[in-house]
Amino acid sequence: MTRRSALSALCGSAALPSTAADRRPNVLLVLSDQLHHRAIGVAGNQAIHTPNLDRLALGGARFESALCPTPFCSPTRASLMTGLYPHQHGVVRNVRRGNPGLSPELPTTERALLNAGYAIKQFGKWHVGENTGAQGYAREPEASYRDYFRTVAKRMPPPARGPRNRAGRPIESVEAVRAAIAQYGHPPAANGWIGRTDVPVGHTEEAWIAGRAIRALADLAGQPFLLTVSFPAPHGPWAINEPYYGMYPRRDLPLPANRGAVEEVDRASVAWRFGRLLGEEGMREYLAVYYGMVSMMDANLGRILDELDRLGEAENTLVVFTSDHGDMQGGHGMYGKTLLSMYEETTRVPLVMRLPGRIPAGTTVRTQAGTCDISATVLDYLGVPPAGRLASRSLRPYIEGNEDLGRPIFAERDRSHWTAPGPPNFQRMIRTHEWKYCFHSLGHSQLYDLANDPGETRNLVSERAARSAKLNLHSRLTGWMAETGDPRSQHMGPA
């Protein structure tokens, strides 16, 4: 996948006083790729070990119901930067090589902070286009983890033939995974590989990114800054070395209660077909390796948080942690994310914010939040006006106790180009605390009673008893589409 790092631009403003009380807050934005919303200890997961995410959440606010705008990497990352929905910023699917990605003309959080005199740096996964020219990031050559790891690999045995991880090292899989791949006919892209690798934990891509971010913090300390750190883990291929590979006994990992409930339209998906072949043994191997990668990522997050403490910047830094989308984690019998339905497992994301003295420690927010809201929230806490129109709102009132449990949240997904021939293939979703309604233009719409069926095991879209709820949600969804200028609104059929 495309990554962009070592991007920086210092702003032309005079240095601010070094006393934290006299300075504007810094921002540390940390992303994890494909992190399930409950793959965090503080979210109630008793199996996983995430001490640094836990301390971050306990020191600030954690949102119980945060959703990405679409379960794709690039659109969500573009929404994070712009505060706009995908149909507004135009990045509706993952950006591939050669795609221009996010338009440099769009307003971003980076542009607003650059205008306010902030220093801007970014390390790790980028994935919104190689040539976006986003303000705040210099056009420097992209640093390559593979180039870095070649110096490490010279001291290691030559790699055996077979599947490789991001560092180019072999992945050793257990029999249940090997059998699933053999039955499937080939691994489902790179993400079919699950197992053990020999990459030293001190030389993973996450460790490399964290090290570069830590060195940058020493230069940034004493001036207002925005530092974005984007970890690839726990995105596939799922492979990790000891001690993380063996950290989670497979027999102790529970499988989701909804693993037997799947929509017919998803039975053709990679996520379900390969998940079924993995069986219970293979699925537990997948969960154990995934959890190991999460714990490895958490340890590297801890290194960065410790450096903030060491530099005396923690009390003056707004830390935001989230993910671009989730992962099925065995839900509905699936692994990964390659499916049609917009289940809770892929659309919900973790969201944690900490700013000592401004965000009360140990806060749990029930109001629904979206990735688009992060830009407005950051600018609100910093007292910086946005660089342009936002489609989101600040989450600060909810953090401060003014909850709005009736607030709906929206998501979308486009599977065809705006001008593609034939009927458009798209989904639009509205979620409340009680209901989720997902309209699919090709007729695979879904309605779930989340209050009584949080596992989404029964689609009520055709049930007479749920017709009133469906009509209400459909009306609210089409209203939101018209309000936000969604070009798909003209193709919305009846509920």
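How many nonpolar, polar and charged residues does the lining of the largest pocket have? By class, that lining has 19 nonpolar, eleven polar and seven charged residues. The model described here is a predicted one.

## The largest pocket

The largest pocket holds about 870 Å³ of space. Its lining consists of 37 residues, and H36, H37, R38, E345 and R348 are those nearest its centre. Several elements supply at least two residues each to this lining: strand 3 (61–63), helix 8, helix 9 (344–347), strand 11 (348–349) and strand 12 (351–354).

## Helix 8 and its partners

Helix 8, which spans residues 270–310, also packs with other helices. The table gives the geometry of three of these pairs.

| Helix pair | Angle | Axis distance |
|---|---|---|
| Helix 1 (residues 51–58) and helix 8 | roughly 50° | within 7 Å |
| Helix 6 (residues 175–184) and helix 8 | roughly 160° | within 8 Å |
| Helix 7 (residues 205–220) and helix 8 | about 10° | 9 Å |

The axes of helix 1 and helix 8 cross at roughly 50°. Helix 1 is therefore oblique to helix 8. On the side of helix 1, the contact is made by P51, N52, L53, R55 and L56, and on the side of helix 8 by M297, D298, A299, L301, G302, L305, D306 and D309. This contact of helix 1 with helix 8 has seven nonpolar, two polar and four charged residues.

Helix 6 and helix 8 cross at roughly 160°. The two helices are therefore roughly antiparallel to each other, and helix 6 passes helix 8 in a right-handed crossing. In helix 6, the residues A176, V177, A180, I181, Q183 and Y184 take part; they meet V270, R273, F274, L277, L278, E281, G282 and E285 in helix 8. Sorted by class, the contact of helix 6 with helix 8 comprises nine nonpolar, two polar and three charged residues.

Helix 7 packs with helix 8 at an angle of about 10°. Helix 7 is therefore roughly parallel to helix 8. The residues of helix 7 in this contact are E206, A207, A210, G211, A213, I214 and L217, while helix 8 contributes M296, N300, R303, I304, E307 and L308. Eight nonpolar, two polar and three charged residues form the contact of helix 7 with helix 8.

## Cavities

How many cavities of 30 Å³ or more does a search of the whole structure find? The search finds seven. About 140 Å³ of space lies in the largest cavity. Of the 14 residues that line the largest cavity, N165, R166, T204, E206 and A239 lie nearest its centre. Helix 7, strand 9 (238–240) and helix 8 each supply at least two residues of this lining. By class, the lining of the largest cavity divides into eight nonpolar, three polar and three charged residues.

## Backbone features in loops

Two cis peptide bonds may be noted. One runs from G236 to P237, with omega near 0°, and P237 is found in the loop between strand 8 (225–231) and strand 9. Another joins E242 and P243, with omega about 10°; P243 is placed in the loop between strand 9 and helix 8.

Q34 has a positive phi of about 70°, although this residue is not a glycine. The place of Q34 is in the loop between strand 2 (26–32) and helix 1.

Notes: Residues numbered from 1 in each chain as written. Predicted model: local features only at pLDDT ≥ 70, side-chain atom pairs only at ≥ 80, totals over all residues. Heavy atoms only, no water. Axes fitted to C-alpha atoms, helices over the stretch in contact; angles between N-to-C directions. Helix = DSSP H or I, 4+ residues; strand = E, 2+ residues; numbered from the N terminus. Parallel < 35°, antiparallel > 145°, perpendicular 65-115°, else oblique. Contact = heavy atoms within 4.5 Å. Nonpolar A, V, L, I, M, F, W, Y, C, P; charged D, E, K, R; others polar. 1 Å grid on protein atoms, 1.4 Å probe; cavity = no way out; pocket = protein on both sides within 12 Å on 5 of 7 lines; lining within 4 Å. Points joined across faces, edges and corners; volume = space filled by probe spheres on them. Left-handed = near helix turned anticlockwise from the far one by under 90°.
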